[in-house]
Amino acid sequence: METWADRPRVVLLDAVAQILTEGVCRWAGLPLPDDGTGPLTADLVAMVDGFATPGPRHWRARLARRRRETWIAAIVDQVRSGTAGLPPDCVVERVALHRDLDGDLLASRVAAVEVLNIIRPTVAVCWFMVFVAHALHRWPDTRTKLAGGDAQYTRAFVQEIRRFYPFAPFVGGTAATDLFYQGEPIPEGTMVLLDLYGQNHDPDLWKDPYEFRPERFLRHPGDVDQLIPQGGGDPATGHRCPGEAVVIGLLEALSQRLALLDYTLPSQDLSIPLGRMIARPRSGFVIEAVHRV
C-alpha cells in the first residue's frame, strides 16, 4: 500500500489481489514464481472469476487451474526429494509429506490441489475488499468509525458487508437419499442449490434487508444458520466454508487500514450487476491520489 501514492491510479481489486497473493504465499511457504507475482495473481483471480460461469471466463479459469496445479505439483516433488529449500514445517511441506489412512503420500497433483485450496480462496477476499471500499464510498460515516479502531464496530461492519453484498450466489449439494423439505419431495441424487444472496436479503430474517446497517450486528450478532454468505451448516460436516473465520479476520484488519487511507475516485462505473458471477463493481474500484490520513 505504501507504493500506491506513487501510482497515478490504482484498481483496488487488482492491487489487493496482489497483496493477498504475496501474503498467503509467504505464509504458506510457497515460493513465488520466477516471473513474479503478476501472472500468479492473474491466474488465482481468474479461477475465482470463473466460478459457475460458462464461456471464456470458465475456460480461462480451467487453464489457470491446470497451470498452477502443475507448478505446485513440481514443488511438492521437490519437497519429497529434499531439494525444495522451503521453510521447515511450512504449509506446503506439511501437505507434501501428509500421509493418508493407508500410510501413503498423496499423489503430487492431489497435494497441489490441497495447497491451491488454501491459496486461491484467500486471494478471493479481494472481492470482499472492493465491496468494503464501495460501502465506505456510499456510506462515508462508516469510515470514521472504522478508522477509530473500534473492534466491535469493525466486526459488525464486516458482517454487514458479507450479508449485504453479493459474492457467491449459491452453493450446491447432492441429496444423499430420498427426502422431503417443507413438503417438497427431493429424490436421491437431485442437485440442491442453497440461495445465499436470497437468504441474506430475506425480509422474514432481516429488517430492511436492502439497507446497509452494520449496527444490526451490534444489537444481534446473528444466528449461524441465518447469516450464510459462505454457506450453511457446520463446516466439518456441511456446506459452510471452513475458511470463514480467516475471511472475517482478514476483512477486519484490511478494512481498518483502508479506512485510514485518503484517496479520490475518478469518474467510473461503480454499478454491481447482479447477473454476473461473481458480482463486482464494473470498474474494479479505481482510486487515485492515495496517502495516509
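The axes of helix α1 (residues 12–28) and helix α2 (residues 37–49) approach within 9 Å and cross at roughly 105°. Helices here are DSSP runs of H or I with at least four residues, strands are runs of E with at least two, and both are numbered from the N terminus. Axes are lines fitted to C-alpha atoms, for helices over the stretch in contact, with angles running from 0 to 180 degrees between N-to-C directions. From α1, the contact draws on Leu13, Ala17, Gln18, Thr21, Glu22 and Cys25, and from α2 on Thr37, Leu40, Thr41, Leu44 and Val45; contact means heavy atoms within 4.5 Å. Divided by class, the contact of α1 with α2 comprises 6 nonpolar, 4 polar and 1 charged residues. In this division Ala, Val, Leu, Ile, Met, Phe, Trp, Tyr, Cys and Pro count as nonpolar, Asp, Glu, Lys and Arg as charged, and the others, Gly among them, as polar.

The model is predicted; local features require pLDDT of at least 70 and side-chain atom pairs count only at pLDDT 80 or more, while totals for chains, interfaces and linings use all residues. Residues are numbered from 1 along each chain as its sequence is written, and side-chain values use heavy atoms, with hydrogens and water left out.

Threonine 41 is placed in helix α2. With residues up to four places away in sequence not counted, threonine 41 touches Ala17, Gln18 and Thr21. The relative accessible area of threonine 41 is 5%, and the residue is therefore buried (buried means under 20% relative accessible area, exposed over 50% and partly exposed in between, with a 1.4 Å probe and protein chains only).

Helix α2 also packs with helix α5 (residues 108–123), at an angle of about 80° and with the axes 9 Å apart. This angle makes α2 roughly perpendicular to α5. On the α2 side, Leu44, Val45, Met47 and Val48 meet Leu116, Ile119, Arg120 and Val123 of α5. The residues of the contact of α2 with α5 comprise 7 nonpolar, no polar and 1 charged.

Aromatic side chains were examined next. Across the whole structure, the search returns 12 aromatic pairs, where rings of Phe, Tyr and Trp (its six-membered ring) pair if their centres lie within 6.5 Å, and planes under 30 degrees apart count as stacked, over 60 as edge-to-face and the rest as tilted. For phenylalanine 128 and phenylalanine 131, the ring centres are 6.5 Å apart and the planes stand at 75°, so the pair is edge-to-face. These two residues, phenylalanine 128 and phenylalanine 131, are 3 residues apart in helix α6 (residues 125–138) and are therefore separated by about one helical turn. Phenylalanine 128 and phenylalanine 131 are both buried. An edge-to-face pair is also formed by phenylalanine 164 and tyrosine 165, because their ring centres lie 5.1 Å apart with the planes at 75°. Phenylalanine 164 is buried at a relative accessible area of 10%, and tyrosine 165 counts as buried at 4% relative accessibility. One aromatic cluster is formed by Phe128, Phe131, Trp139, Tyr153, Phe157, Phe164, Tyr165, Phe167 and Phe212.

Charged groups are also found over aromatic rings. Arginine 68 lies over the face of tryptophan 71, at 5.5 Å from the ring centre, and the charged end of arginine 163 sits over the ring of tryptophan 206, 5.5 Å from its centre. The criterion places NZ of Lys or CZ of Arg within 6 Å of the ring centre and within 35 degrees of the ring normal.

Several backbone features occur in loops. The peptide bond between methionine 277 and isoleucine 278 is cis, with omega about -5°, and isoleucine 278 is found in the loop between β6 (261–264) and β7 (286–292). Aspartate 89, although not a glycine, has a positive phi of about 65°. The loop between α3 (56–81) and α4 (91–97) contains aspartate 89, which is partly exposed with a relative accessible area of 48%. Aspartate 208, likewise a residue other than glycine, has a positive phi near 50°. Aspartate 208 is found in the loop between α9 (196–200) and α10 (216–219) and counts as partly exposed at 30% relative accessibility.

Glutamine 152 is located in helix α8 (residues 151–164) and is exposed, with a relative accessible area of 55%. The C-alpha atoms of glutamine 152 and glutamine 182 are separated by 37 Å, the two residues being 30 residues apart along the chain.

Conventions:
Parallel < 35°, antiparallel > 145°, perpendicular 65-115°, else oblique.
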